[in-house]
Amino acid sequence: MKKRADNRIRELDFLRGIAILLMLTVHIAYAAHVAAGMAGVRIGQPLYAFSLDCYAFYRSGFGKSLQMLCGVLFALLSGVTSSFSTTGRRLGKAVKYFLIAMILTVVTRLLSDLFSTRMTIIFGVVHMLSISAALYALVMLPIRSNAARVTVPAVLGVTIVGIGLVFDLKNVPVSTNLLAPIGIVGPRFFSADFYPLIPWAGVFLLGGALGAALYTRRTLLPRSPQSLFPRFNKIRPRPISALGRFSIQIYLTHQVVLVGLFFVLYRIVF
């Protein structure tokens, strides 16, 4: 167990921990608003204004910027770590994330129906990471050159991100949500967490290119740790790094926990 812990690249755990903190900052506000509706908070009652302020923060430009930065860090760092793996491990990770994503969709749909609120996640971060990991694995399958490990995913990543920036896919007139994974949605589409492949798969691929460029020895020798900042590998996990180590587990459970805590709080107040 100690050897596995020592093989981790601490700066990546630290950056993932930062992403988790950004996510919690935004989702605490969202959970406060959702729980208010579930608890039956009405106009004029205590904490009603608080729930509205929380939702206003969640929908504000600053709140959306935090969500954007969080998504960039998650996608980019997942791409970096994927560059350390073999094709089999990449595909295995993709399948694992896909199964988790499907369970997440089912559970959030059931909770939405049970409490008559909007919590369903159709294509969130985990969905995006699963498909992006599979795409990266397939792209890298025929590549043998070290230079191509950087340039190929970099070019594809820039292309996908560029398409997402140039074209406003959300406003493409369609009546179906079947194209939601690439960002083309119908007028009634809703997903509490939405990270379409365009542009986010491009960010993932850019992370793969970045990992191959910066962690060359790590890419060629997956079992040999090669941190850019060796001091990170010589210290025990600090709180932020610990959050990064368990980022997926925190992502999957935090919203239910937060909504539950606020629900209890509102019930106690009333």
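Me: How much space lies in the largest cavity?
Reply: This is a predicted model. A cavity here is space where a 1.4 Å probe fits but cannot get out. For the largest cavity, that space comes to about 30 Å³.

Me: How many cavities of 30 Å³ or more are there?
Reply: The cut-off for the count is 30 Å³. With that rule applied, the number is one.

Me: Which residues line the largest cavity?
Reply: A lining residue has an atom within 4 Å of a cavity point. By class, five of the lining residues are nonpolar, one is polar and none is charged. Their names are Phe74, Val125, Leu129, Ser247, Ile248 and Tyr251.

Me: Which helix gives the most to that lining?
Reply: Two helices each supply at least two lining residues: H6, spanning 125-140, and H11, spanning 247-269. The top contribution is three residues. It comes from H11.

Me: At what angle do the axes of H4 and H6 cross?
Reply: Two packed helices are described by the angle between their axes and the distance between the axes. H4 covers residues 61-82, and its axis comes within 11 Å of that of H6. H4 passes H6 in a right-handed crossing. The angle is roughly 35 degrees.

Me: Which residues of H6 does H4 meet?
Reply: From H4, the contact uses Phe74, Ala75, Ser78 and Ser82. By class, the H4 contact with H6 has six nonpolar residues, two polar and no charged ones. Phe74 also lines the largest cavity, as do Val125 and Leu129. On the H6 side, the partners are Val125, Met128, Leu129 and Tyr136.

Me: Is the peptide bond from Ile198 to Pro199 cis or trans?
Reply: Most peptide bonds are trans. Pro199 sits in helix H8, residues 197-214. Omega for the bond from Ile198 is near 15 degrees. The bond is cis.

Me: What is the mean pLDDT of the protein chain?
Reply: pLDDT gives the predictor's confidence on a scale from 0 to 100. In this chain, 90% of residues reach 70 or more. The mean is 87.

Me: How many contacts beyond four places in sequence does the model have for residues 218-223?
Reply: Where pLDDT is low, the predicted coordinates should not be read in detail. Residues 1-5 stay under 50, with two such contacts. Residues 218-223 also stay under 50. For 218-223, the count is 15.

Methods:
Residues are numbered from 1 along each chain as its sequence is written. This is a predicted model: local features need pLDDT of at least 70, side-chain atom pairs count only at pLDDT 80 or more; totals for chains, interfaces and linings use all residues. Side-chain values use heavy atoms; hydrogens and water are left out. On a 1 Å grid over the protein atoms alone, a cavity is a set of points where a 1.4 Å probe fits but cannot get out, and a pocket is an open set with protein on both sides within 12 Å along at least five of seven lines; lining residues have an atom within 4 Å of a point. Grid points are joined across faces, edges and corners, and a volume is the space filled by probe spheres set on the points. Helices (H or I, at least four residues) and strands (E, at least two) are DSSP runs, numbered from the N terminus. Ala, Val, Leu, Ile, Met, Phe, Trp, Tyr, Cys and Pro count as nonpolar, Asp, Glu, Lys and Arg as charged, and the others, Gly among them, as polar. Contact means heavy atoms within 4.5 Å. Axes are lines fitted to C-alpha atoms, for helices over the stretch in contact, and angles run from 0 to 180 degrees between N-to-C directions. A crossing is left-handed if the near helix is turned anticlockwise from the far one by less than a right angle, and right-handed if clockwise.
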